[in-house]
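Hi,

Here is the structure I promised to pass on to you. Please open it next to this email, and then read on for what turned up in it.

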Amino acid sequence: MLILDCPCCGVRGEETEFHGGGEAHLKRFGPDSSDAEFEGYLFTRQNPKGVNFERWRHANGCGKWFHAARCTMTLEVFATYSAQTYEPPADVIAAIKAKRPEWEMPA
Amino acid sequence: MSEAIKATSALEGFASTGFASVRECGLTGMITLRGDLADKALAKAVKAATGAAMPEQRKITMGKSGKVAWMSSDELLLVVDHAQAPAIVEALTSALKDQFALAVNVSDARVMFEVAGEGNGPREVLAKLAPVDLAPDAFTTGDVRRTRLAQVAGAFWVEADGSFRVVAFRSVAQYVGDLLAQAGATGSAPEYF
Ligand SMILES: [Zn+2]
């Protein structure tokens with residue numbers, strides 16, 4: 001079971017209270033971008049076995065979006081953090097490195 | 001077509017008995033207020049409407065004319081007298097006209113139930129339906145929780161007498177009423193707490 005701490009309302013809830021919103025920190029390529037950029041924005045995902053950054057919404061709760069860093073293999077959650085960020089904050093990276101020293105942020 | 005339309009609550013008269021009893025609370029005023037909860041004018045307007053202080057995160061406060069539940073970082077639920085709700089919305093709207101805030105009377109878009117009974121019966125009914133730690137020391141008077149009740153969204157809190165108040169959308173009133181009634185059926189008490 002996946003347990004998430006909502007950073008917006010402080011609830012520690014189990015997965016069914018939340019709704020997954022796919023990979024986090026995607027850069028949107030909109031009008032005037034190349035077809036390849038737009039295709040990448042729509043379809044290209046990291047899909048790692050291990051550390052992943054995701055968007056989640058506390059759908060059956062406060063209703064807010066937030067980010068989560070978790071392991072797709074073990075369901076271990078390293079941190080949840082504000083949706084108002086373009087990249088994982090330093091403390092989140094540190095929390096991941098503490099548990100997975102070999103892990104590097106993907107390019 | 002000049003007769004006045006009589007307001008009716010979602011499941012008027014709905015009631016069941018068991019190890020915990022369930023009752024639809026009838027017409028209840030409910031107002032959604034969204035805005036900056038740290039704003040002094042907003043806190044003052046809420047106090048004027050309900051007599052209650054601004055609740056902390058995931059708390060509910062009681063005043064002499066209403067209750068105020070923290071629903072999210074920018075949203076409150078005011079529980080007031082049904083007949084007074086339109087006037088309270090007007091008062092809130094005019095008090096907050098200079099800010100990015102919105103008050104809406106949602107009374108008739110919601111349903112409220114009471115789950116009452118001996119000891120921890122009412123909390124066991126909710127514990128069957130929601131993924132929430134309902135141990136007596138983990139969830140107590142003054143707490144409010146927005147969550148799901150089986151398959152639909154809902155919120156609840158505990159009154160001082162140990163009974164629970166459950167709020168859900170009117171469109172799922174029958175579903176929630178039946179859920180609570182079945183979860184409280186005689187002979188089905190987990191007696192876990
Ligand atoms: Zn939340």
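B:Phe113 is buried, with a relative accessible area of 0%; buried means under 20% relative accessible area, exposed means over 50%, and partly exposed is in between, with a 1.4 Å probe and protein chains only. Please keep in mind that this is a predicted model, where local features need pLDDT of at least 70, side-chain atom pairs count only at pLDDT 80 or more, and totals for chains, interfaces and linings use all residues. Residues are numbered from 1 along each chain as its sequence is written, chains are lettered from A and ligands numbered from 1 in the order in which they are written, and side-chain values use heavy atoms, leaving out hydrogens and water.

Now to the ring pairs. Searching the whole structure gives eight aromatic pairs over all chains. Rings of Phe, Tyr and Trp (its six-membered ring) pair if their centres lie within 6.5 Å; planes under 30 degrees apart count as stacked, over 60 as edge-to-face and the rest as tilted. One of the pairs is B:Phe14 with B:Phe113: the ring centres are 5.9 Å apart and the planes stand at 75 degrees, so this pair is edge-to-face. B:Phe14 sits in the segment before strand S1 (15-16) of chain B and B:Phe113 in strand S8 (residues 110-116) of chain B, so the pair ties together parts that are 99 residues apart in sequence. (Helices are DSSP runs of H or I with at least four residues, strands are runs of E with at least two, and both are numbered from the N terminus.) B:Phe14 is buried too, at a relative accessible area of 16%.

B:Phe139 and B:Phe156 also form an edge-to-face pair, because their ring centres are 5.4 Å apart and their planes are at 65 degrees. B:Phe139 is in the loop between helix H3 (121-129) and strand S9 (144-149) of chain B, while B:Phe156 is in strand S10 (residues 152-158) of chain B, so this pair ties together parts that are 17 residues apart in sequence.

Which residues does B:Ser16 touch, leaving aside its neighbours within four places in sequence? B:Ser16 is in contact (heavy atoms within 4.5 Å) with B:Ser21, B:Val22 and B:Ala181. B:Ser16 lies in strand S1 of chain B and counts as buried at 16% relative accessibility.

Stepping back, chain B has four helices and eleven strands. Buried residues make up 50% of its 193 residues. Of the contacts in chain B between residues at least 6 apart in sequence, 59% join residues at least 24 apart.

A:Pro31, in the loop between strand S3 (19-23) and helix H1 (35-43) of chain A, is exposed, with a relative accessible area of 71%. Most residues other than glycine have a negative phi. A:Asn47, however, has a positive phi of about 45 degrees although it is not a glycine. A:Asn47 is in the loop between H1 and strand S4 (51-57) of chain A, and is exposed at 66% relative accessible area. A:Leu75 has a positive phi near 70 degrees, lies in the loop between strand S5 (65-71) and strand S6 (77-82) of chain A, and counts as partly exposed at 31% relative accessibility.

Happy exploring!
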